[in-house]
Every structure is written in C-alpha cells, then in structure tokens.
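Welcome! Take a moment to look over the chain below, and then we can walk through it together.

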Amino acid sequence: MSVIRYMFLRGAKSCGSPLRWVIFEHADNLTSDTQAFLRRMLETTVETTRFVFECRDVGAISEPILSRASIINISAPDDTEIIYEVKRRSGFTISDSIATEIAALSFGNLRSAVLNTLAYKINGTLFHKATIDNMLNTRPYRDWE
C-alpha cells in the first residue's frame, strides 16, 4: 500500500498543470510525528506540490503547518441542499418526506446523507444513530482459539 501512495506522490499531476495535489481527509487526526514529517515535505516540495488538509478542528493542526497554509472555512450544507442532493443521487425516486428525514439524520454531513440514501434504496430502511450503535454493539463474538 505504501508503494502505491509513493507512486501517486511521485507521478500524479493534474492535467495541464505542473503541480501535484495531495488531499488529506480528516487531517486533524494526524499524529504529531506525521505532522512533523509533513512539515518537512511542505518545505521541500513547495515548488511542485499543493497540499489540501480537510479537517473539522483547525486547532489540531500544528502551528508550523498552519503558518504555511491558507485557511478556508466551508460551511456545512443546509437541509435544502442535502434534500436536493439526496433526491438527485436517487434519481428523484425518494419521496420528499424520506429525503427530509435523511437530511435531519445527517446533521449537515452530506456523506452520511448519501450513505443513508443508498441504504434506503437497498434495504428500504433508514439507519438511525441508535441502529448503527446497536449493530456495532451486538456483533457476534467469534472464538479464534
């Protein structure tokens, strides 16, 4: 897996651009050692690479990285945007009431809403947080001895 990541960083360039783009989702979960390594990468690849750090807590990113960054705040989509996206991704086959319920369950998280839409299309049921917690807590225990 690390070989694939290395090759991505070495050779992936966007079309017609001399820059490489590296995107880190949930960058606020990176360890301090990882952030120190990334800071060194930022210093050595500034001419050819741009890094995008997606995070919910900017305070979790180290100061040396923040000093080299431009911070852009993107607000969560509102319920109207989520309802439209749920309906669009379902081919406008989901009713308004189900789309509204999915939007309410997502708490502004579009990824969660889309996954819940897919689950509804497959199973015909919505996954509430309590349902997901229950599924995780009642996983069958397998004896590996």
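**The whole chain**

Please keep in mind that this is a predicted model. The chain has 145 residues, and 21% of them count as buried. Seven helices and two strands make up its secondary structure, and along the sequence they follow the pattern α-β-α-β-α-α-α-α-α. Among contacts between residues at least 6 apart in sequence, 56% join residues at least 24 apart. The chain exposes about 11,100 Å², with carbon and sulfur atoms supplying 57% of that area.

Here are the elements that the next part visits.

| Element | Residues |
|---|---|
| Strand E1 | residues 20–24 |
| Helix H4 | residues 79–89 |
| Helix H5 | residues 96–106 |
| Helix H6 | residues 110–123 |

Which residues of helix H5 are buried? They are Ile98, Ala99, Ile102, Ala103 and Ser106. These residues lie on the same side of H5, because they cover an arc of only 140 degrees around the axis. An α-helix has 3.6 residues a turn, so residues three or four places apart point the same way. On the other side of H5, Asp96 and Ser97 are exposed. The cover over the buried residues of H5 includes helices H4 and H6. Just after H5 comes Phe107, which takes a positive phi of about 50 degrees.

In soluble globular proteins, nonpolar side chains tend to be buried together. Here the largest nonpolar core has 10 residues: Ile82, Ile83, Val86, Ile94, Ile98, Ala99, Ile102, Ala103, Ala113 and Leu126. H4 and H5 are the elements that give two or more residues to this core, and H5 gives the most, with four residues. Apart from this core lies another, of nine residues, including Ala27, Leu38, Phe51 and Leu66.

Leaving out residues up to four places away in sequence, Ile83 touches Ala99, Thr100 and Ala103.

**A nonpolar patch outside**

Some nonpolar residues sit on the surface instead: Trp21, Ile23 and Val52 form a patch there, with about 300 Å² of accessible area together. Where does Ile23 belong? Its place is in strand E1. Is Ile23 buried or exposed? Ile23 counts as exposed, because its relative accessibility is 60% and exposed means over 50%.

Terms used:
Residues are numbered from 1 along each chain as its sequence is written. This is a predicted model: local features need pLDDT of at least 70, side-chain atom pairs count only at pLDDT 80 or more; totals for chains, interfaces and linings use all residues. Side-chain values use heavy atoms; hydrogens and water are left out. Patches are made of residues with over 30% relative accessible area and no salt bridge: like charges are joined within 9 Å, nonpolar side chains (Val, Leu, Ile, Met, Phe, Trp, Tyr) within 5 Å. Accessible areas come from the Shrake-Rupley method with a 1.4 Å probe; for residues, only the protein chains shown count as cover. A salt bridge is a side-chain nitrogen of Lys or Arg within 4 Å of a carboxyl oxygen of Asp or Glu. Buried means under 20% relative accessible area, exposed over 50%, partly exposed in between (1.4 Å probe, protein chains only). The arc is that of the directions from the helix axis to the C-beta atoms. Contact means heavy atoms within 4.5 Å. A nonpolar core is a set of buried Ala, Val, Leu, Ile, Met, Phe, Trp, Tyr and Cys residues joined through side-chain atoms within 4.5 Å.
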